Each structure stands twice: as C-alpha cells, then as structure tokens.
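Hi there,

Here is the structure I promised to pass on.

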Amino acid sequence: MESRILSSNSNSSHRSNGEGERERFCYCGLPSPRRTSWTRMNLGRRFYGCARYREGSKCKYFKWIDAKFSDRATEVILDLLDGRHQPPSTFLDDLDDQVEASSANYLKNEVSKQAEVSSVNYLLKNEVSRMKIERKCYQMFIIVLFCYIAYLMIKCKALEDKKKFLQLP
C-alpha cells in the first residue's frame, strides 16, 4: 500500500494518495491530490484540487469528496481543536515562540556576562599597560643610577690621580 502525506505551507490541508483510489486529474492535466480542509467552515472535509493552486494556477479545479458534516460533528471537531485553544500548527508556533523567548533570555544573560567579561578585560589591559610603564621607569632609574655611580667612580679616580700628582717629592 503506497501512502504519501505532504504538508502544505498554509497548514490548511494535507495531501494523501492511497491504494484503491482512482487518480484524478485537474484541468491542467496534472494529478489532483486528495486534501483535507482545516478551515472552520469545512473542517475535516476531504476534497480534490488543482496541484498548482498555490502557484496562482487559473485551473480552478475543485471537487468535494465528503458531504458537509453535520453541525454537531463540526462543533465536536472545533471543541477538540479549541481544547488546545488553537489549530495544530498554531500550537506549534506558540511552542516555537516559547523556545524563542527562552533563547532570547539565555542570549540576554550571555550578552550581560560578555559585557562583564569585557569590562574586566579592559581593566586588566589597563593595569598591564600601567605596569609596563612603571617597569620602564624603574629601568630608566637603574640606568641613571648606574651612570651616576660610574661618574662618581671616575671622579674619585681623577681626584686620587690629582692628589698623587700634587704630592710630588
């Protein structure tokens, strides 16, 4: 038994083609799929329609398979759907909205954490930069101190030599 079920984009019908059904063709010459209506006026009624009706086909082939349901049957189907407070596709859309909302909250938390990490990172970079400058200052101080000590040693040596020179016999 070959069975195919395809969802339509508007979620207002589905196609099926089962064993034992005579294949129907629309005015375009294409196989006409069997569909089920999910509109409130014809809820659950099956019909044949043009395969290209979503593409704006001028064919307009349409034929009901089922007779119109009684008002009670339609009311029961509507009550069953309203038990979920919406048709199946809308129920899933709301579930998607809940997932998106929780994802949005998660992303907001991640963004705030990232902002906090960025501010700490900025402070650490500034501290490292300040410490590099301070290290350069200490290095310069040590070089200047070394030069001053070398100057003093040379001056002392010069004074000693001068003193020896003055002490000639």
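Below is what turned up, starting with the whole chain and then going residue by residue.

One thing to keep in mind from the start: this is a predicted model.

**The overall layout**

The chain has two helices and seven strands. If you walk along the sequence, the order is β-β-β-β-β-β-β-α-α, so keep that pattern in mind as you turn the model around. There are 169 residues, and 15% of them count as buried. The accessible surface is about 14100 Å², with 61% of that belonging to carbon and sulfur atoms. As for contacts with a separation of 6 or more, 35% come from residues 24 or more positions apart.

**The core**

Which residues make up the largest nonpolar core? There are five: C26, Y48, C50, C59 and Y61. As general background, nonpolar side chains in soluble globular proteins tend to be buried together. If you skip its neighbours within four places in sequence, C26 is in contact with S32, C50, A51, C59 and Y61.

**Salt bridges**

The count of salt bridges comes to four. I'll walk you through some of them.

Start with R46 and D66, which form a salt bridge with their closest N and O atoms 2.9 Å apart. R46 sits in strand β6 (residues 46-49) while D66 is in the loop between β7 and α1, so this pair ties together parts that are 20 residues apart in sequence. Are the two partners buried or exposed? R46 is partly exposed, at 30% relative accessibility. D66 counts as buried because its relative accessibility is 16%, and the cut-off for buried is under 20%.

Apart from its neighbours within four places in sequence, D66 is in contact with G44, R45 and R46.

Now move over to helix α2 (residues 88-166). Here the side chains of E127 and R130 meet in a salt bridge, 2.5 Å from N to O. These two are three residues apart in helix α2, so about one helical turn separates them. R130 also has a salt bridge with E134, at 2.8 Å from N to O. E134 and R130 are four residues apart in helix α2, which again puts about one helical turn between them. Through shared partners, the salt bridges join E127, R130 and E134 into one network.

- E127 has a relative accessible area of 33%.
- R130 has a relative accessible area of 41%.
- E134 is at 36% relative accessibility.

Let's take I142 as an example. I142 is found in helix α2, and I142 counts as exposed because its relative accessible area is 56%, with exposed meaning over 50%.

For background, most residues other than glycine have a negative phi. K60 lies in the loop between β6 and β7 and is exposed, at 66% relative accessibility.

The other one is S37, in the loop between β5 (34-36) and β6. S37 is buried, with a relative accessible area of 5%. The side chain of S37 makes a polar contact with the side chain of T39, at 3.1 Å.

Cheers

Technical notes. Residues numbered from 1 in each chain as written. Predicted model: local features only at pLDDT ≥ 70, side-chain atom pairs only at ≥ 80, totals over all residues. Heavy atoms only, no water. Contact = heavy atoms within 4.5 Å. Buried < 20%, exposed > 50% of the residue type's maximum accessible area, 1.4 Å probe, protein only. Core = buried A, V, L, I, M, F, W, Y, C linked by side-chain atoms within 4.5 Å. Areas by Shrake-Rupley, 256 points an atom, 1.4 Å probe, with all protein chains shown as cover. Polar contact = N/O pair within 3.5 Å; in protein donor to acceptor, adjacent residues only side chain to side chain.
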